[in-house]
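The following explanation is intended to be read beside the sequence and the three-dimensional view. Please keep both at hand.

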Amino acid sequence: MKRFLLISTTLILLTACSVTEPISTKGEVVDCSSISVQGGTSEKLECLGGGSPIAPDGIRGPALINVWGTWCTQCRKELPHLIHFQQKSDGTVKLIGIAVEEKNQESVREHIVKKGITWPILYDKNDSTRAIFGMGVPVTWFIDQDGKAVYKKYGPFKSLEEIQLLVKKYLENT
């Protein structure tokens, strides 16, 4: 009986942490003026919301750079957690997306609005970021104030709490 209660309690706790509230936010194509940039030698990417093109390796944090695609199943699974992070964030840690391997900019803009994305998105039309971030998405880099990648998360986030814990661990003092 004790074993049954222990297993039941553990299952309840594990599933409770992954509950995602329904998203009712309409997305918005955001300009990139809030992104802190200094230098950078990589190919500059166009911001879907306007503004000057940005070299991803010039981004200064604290920031999360999330590389994703509209076609990516795992990217769609982690999206509600990123949206919740953005909604609950005080803006200290910037969330920046890079859309890769897309047909065109318009399809990405439609996805942004439909899915509730409200952070700046850079558009990688030539797959130039593959040399920096590697192949496979989603991948999220945690960037400190000096522009150094202090942590690289490969694969999707499973919860808001996971993002918050990693931010606290790797970007709290930046």
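The paragraphs below proceed from the overall fold to the core, the charged side chains and the backbone.

This is a predicted model, in which local features need pLDDT of at least 70 and side-chain atom pairs count only at pLDDT 80 or more, whereas totals for chains, interfaces and linings use all residues. Residues are numbered from 1 along each chain as its sequence is written, and side-chain values use heavy atoms, with hydrogens and water left out.

The predictor's confidence in each residue is expressed as pLDDT, from 0 to 100. The protein chain has a mean pLDDT of 88, and 86% of its residues reach 70 or more. Over residues 4-22, however, pLDDT stays under 50. For that segment the model has seven contacts beyond four places in sequence, a contact being heavy atoms within 4.5 Å. Where pLDDT is low, the predicted coordinates should not be read in detail.

The secondary structure of the protein chain comprises five helices and eight strands. These elements are DSSP runs numbered from the N terminus: helices are H or I of at least four residues, and strands are E of at least two. Along the sequence they follow the pattern α-β-β-β-β-α-β-α-β-α-β-β-α. Among contacts between residues at least 6 apart in sequence, 67% join residues at least 24 apart. One separation across the sequence can be followed from helix α3 (residues 105-115), in which K115 lies. The C-alpha atoms of K115 and R76 are 8.9 Å apart, although 39 residues separate the two along the chain.

How much of the protein chain counts as buried? Of its 174 residues, 41% do. Buried means under 20% relative accessible area, exposed means over 50%, and partly exposed lies in between (1.4 Å probe, protein chains only). K115, with a relative accessible area of 32%, is therefore partly exposed.

In soluble globular proteins, nonpolar side chains tend to be buried together. A nonpolar core is here a set of buried Ala, Val, Leu, Ile, Met, Phe, Trp, Tyr and Cys residues joined through side-chain atoms within 4.5 Å. The largest such core has 43 residues, of which L64, I121 and L122 touch the most other members. At least two core residues come from each of β4 (63-68), α2 (73-88), β5 (94-100), α3, β6 (121-124), β7 (139-143) and α5 (160-171). Beyond its neighbours within four places in sequence, I121 is in contact with residues including C32, L48, W68, A99, V108 and I112.

Side chains of opposite charge can pair when their charged atoms come close. A salt bridge requires a side-chain nitrogen of Lys or Arg within 4 Å of a carboxyl oxygen of Asp or Glu, and the count by this rule is three. In one of them, R130 pairs with E101, with the closest N and O atoms 2.8 Å apart. Because R130 lies in helix α4 (residues 130-133) and E101 in the loop between β5 and α3, the pair ties together parts that are 29 residues apart in sequence. R130 is partly exposed at 34% relative accessibility, and E101 is partly exposed at 41%. A further salt bridge joins E162 and K153 at 3.3 Å, N to O; K153 is buried, at 11% relative accessibility. Another joins E172 and K168 at 3.7 Å. E172 is partly exposed at 48%, whereas K168 is exposed at 53%.

Which buried residue has no salt bridge, with K148 as its nearest side chain of opposite charge? The residue is D144, and K148 is 5.8 Å away. D144 is found in the loop between β7 and β8 (149-154). Its side chain reaches the backbone nitrogen of K148 at 2.9 Å.

The peptide bond from G61 to P62 is cis, with omega near 10°, and P62 is found in the loop between β3 (59-60) and β4. V137 and P138 are likewise joined by a cis peptide bond, with omega about 0°; P138 is in the loop between α4 and β7. E101, described above in its salt bridge with R130, has a positive phi of about 55° although it is not a glycine. D127, also not a glycine, has a positive phi of about 55°. D127 is placed in the loop between β6 and α4 and is partly exposed, with a relative accessible area of 31%.

Definitions and conventions:
Lys, Arg positive; Asp, Glu negative; His and termini not counted. Polar contact = N/O pair within 3.5 Å; in protein donor to acceptor, adjacent residues only side chain to side chain.
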